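Have the viewer open and follow along.

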Amino acid sequence: MGRYGLFTILSLAAIWIVLVEHFTWASLAVALFMAVFCTYFSDMFLPPAKEAKTVNFKKLIFYPIYILGQVYAAAFVMIKFIIVGANVDMVTVKTSMKSEVLKVLLMDSMTFVPGSISLDLDDDTIKMLWIYDKKIDKNKLGKEKVSDILKGGMEKRLAKAELFPEGGEN
């Protein structure tokens with residue numbers, strides 16, 4: 001756990017005390033229990049430190065704002081599809097990113113944006129369910145164009161945060 005683990009537990013306990021708006025020994029005990037519980041489970045499910053070191057998270061500070069913009073833009077397109085109609089198809093999207101963390105973030109981002117659902121991530125290929133305009137002939141577009149439509153600018157933004165395995169910046 002180390003020094004940072006203890007700092008995390010104390011910080012989470014302090015936030016809990018602030019949220020419950022009163023300090024008693026019982027609330028402190030619950031706060032410490034919940035902090036240890038959250039820290040334990042986050043260590044189980046978050047990527048290991050070795051994998052997380054392949055990503056420069058400072059370069060992703062504005063990424064959530066970008067994703068929210070993409071969600072709203074895609075929501076208006078989906079409203080049109082609800083009124084006019086749409087087709088649904090399975091597609092595969094290729095990614096050139098090496099970091100597993102960023103691949104998962106890309107996959108989750110594409111799922112978060114209305115109109116697509118990620119089904120599987122296998123090496124550099126993401127299998128997706130895609131809702132698209134009835135007027136579009138998917139076969140004429142080609143696989144690369146469909147992939148570009150689904151990834152939007154998300155892959156380019158995420159790729160900026162990718163570090164080389166040696167630790168140097170991309």
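Which helix gives the most residues to the nonpolar patch? That would be α4, with seven residues. Keep in mind as you look that this is a predicted model. The patch sits on the surface and is made up of L68, Y72, F76, I79, I82, I83, V84 and F112, which together have about 930 Å² of accessible area.

Side chains of opposite charge can pair when their charged atoms come close. The count for this model comes to two salt bridges. In one of them, the side chains of K80 and D133 meet, with 3.4 Å from N to O. K80 lies in helix α4, which covers residues 63–84, and D133 lies in strand β3, which covers residues 125–133, so this pair ties together parts that are 53 residues apart in sequence. How do the two ends of that bridge compare with the cut-offs for burial? K80 is partly exposed, since its relative accessibility is 39%, while D133 counts as buried because its value is 11%, under the 20% limit.

The other bridge joins K151 and E155. Here the closest N and O atoms are 2.8 Å apart, and both K151 and E155 are buried.

Charge also turns up over a ring. The charged end of R157 sits over the ring of Y66, at 3.8 Å from the ring's centre.

Now for rings with rings. A search of the whole structure finds six aromatic pairs. One of them is F33 with F37, a stacked pair with 6.3 Å centre to centre and 20° between the planes. Both residues lie in helix α2, which spans residues 25–45, and they are four residues apart, about one turn of the helix. F33 counts as exposed because its relative accessibility is 54%, whereas F37, at 39%, is partly exposed. The pairing goes on beyond these two: ring pairs link F33, F37, Y40 and F41 into a cluster.

Where does M154 belong, and is M154 buried or exposed? M154 lies in helix α8, residues 154–159. With a relative accessible area of 4%, M154 is buried. Setting aside neighbours within four places in sequence, M154 is in contact with Y63, Y66, I67, L106, S109, M110 and V113. One of those, Y66, is the residue whose ring has the charged end of R157 over it.

One last stop is S99, which has its place in the loop between β1 (86–94) and α5 (100–112). Leaving out its neighbours within four places in sequence, S99 is in contact with E51, T54, V55 and E162.

Technical notes
Residues numbered from 1 in each chain as written. Predicted model: local features only at pLDDT ≥ 70, side-chain atom pairs only at ≥ 80, totals over all residues. Heavy atoms only, no water. Salt bridge = Lys/Arg side-chain N within 4 Å of Asp/Glu carboxyl O. Helix = DSSP H or I, 4+ residues; strand = E, 2+ residues; numbered from the N terminus. Buried < 20%, exposed > 50% of the residue type's maximum accessible area, 1.4 Å probe, protein only. Patch = residues over 30% accessible without salt bridge, like charges linked within 9 Å, V, L, I, M, F, W, Y side chains within 5 Å. Areas by Shrake-Rupley, 256 points an atom, 1.4 Å probe, with all protein chains shown as cover. Phe/Tyr/Trp six-rings, centres within 6.5 Å; stacked < 30°, edge-to-face > 60°. Lys NZ or Arg CZ within 6 Å of the ring centre and 35° of its normal. Contact = heavy atoms within 4.5 Å.
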